[in-house]
Amino acid sequence: YTHVFRSIAFAVLSCFATDRDLVCSSQMIEKISVFSKTIASALENSDPDVTSMANDCLQCLAAMSLESKTRVELIRRGAVLCLVQRACIDCDASLDIILRLASFEESADRKSG
């Protein structure tokens, strides 16, 4: 049943990922590693349920990549590795997030330098 509950939880979170307050909340930020692990597990597992959960997690990370506060956390908490691995296989959405994070880092470097 744990698998079913996780799937429901990710689906609900991805539905509400358009809410800026939710996306920037500490609870959501704490879930970055869970989202990353779920995305990474889908790379090793062809189960459609795992793939669906990974897609929901990817939607959450995509929403988080739109906010400067959470972009920093995505980078700091290691989400980039799973996104790169996923982008290498099949996912344009992962590449979009990576490009957003890279452009954010580049503009931060210009401002500090």
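This is a predicted model: local features need pLDDT of at least 70, side-chain atom pairs count only at pLDDT 80 or more; totals for chains, interfaces and linings use all residues.
Visitor: How many salt bridges does the structure hold?
Guide: Side chains of opposite charge can pair when their charged atoms come close. A salt bridge is counted when a side-chain nitrogen of Lys or Arg lies within 4 Å of a carboxyl oxygen of Asp or Glu. By that rule, the number of salt bridges in the structure is four.

Visitor: How many residues apart in sequence are the parts that E67 and R20 tie together?
Guide: The side chains of E67 and R20 meet in a salt bridge, at 2.7 Å from N to O. Helices here are DSSP runs (H or I, at least four residues), numbered from the N terminus. E67 lies in the loop between α5 (48–64) and α6 (68–76), whereas R20 belongs to helix α2 (residues 20–23), so the parts tied together are apart in sequence by 47 residues.

Visitor: Is E67 buried or exposed?
Guide: Buried means under 20% relative accessible area, exposed means over 50%, and partly exposed is in between, with a 1.4 Å probe and protein chains only. R20, at 54%, is exposed. E67 has a relative accessibility of 16%, so E67 counts as buried.

Visitor: Which residues do salt bridges that share partners join into one network?
Guide: R77 forms a salt bridge with E73, the closest N and O atoms being 2.7 Å apart, and the side chain of R77 also meets that of E30 in a salt bridge at 3.6 Å, N to O. E30 lies in helix α3 (residues 26–30) and R77 in the loop between α6 and α7 (79–89). Through shared partners, the one network joins E30, E73, R76 and R77.

Visitor: How do α4 and α7 lie to each other, roughly parallel or roughly antiparallel?
Guide: Axes are lines fitted to C-alpha atoms, for helices over the stretch in contact, with angles from 0 to 180 degrees between N-to-C directions. The axes of helix α4 (residues 32–43) and α7 come within 9 Å and cross at roughly 25°. Angles under 35 degrees count as roughly parallel, over 145 as roughly antiparallel, 65 to 115 as roughly perpendicular and the rest as oblique. The two helices, α4 and α7, are therefore roughly parallel.

Note on methods
Residues are numbered from 1 along each chain as its sequence is written. Side-chain values use heavy atoms; hydrogens and water are left out.
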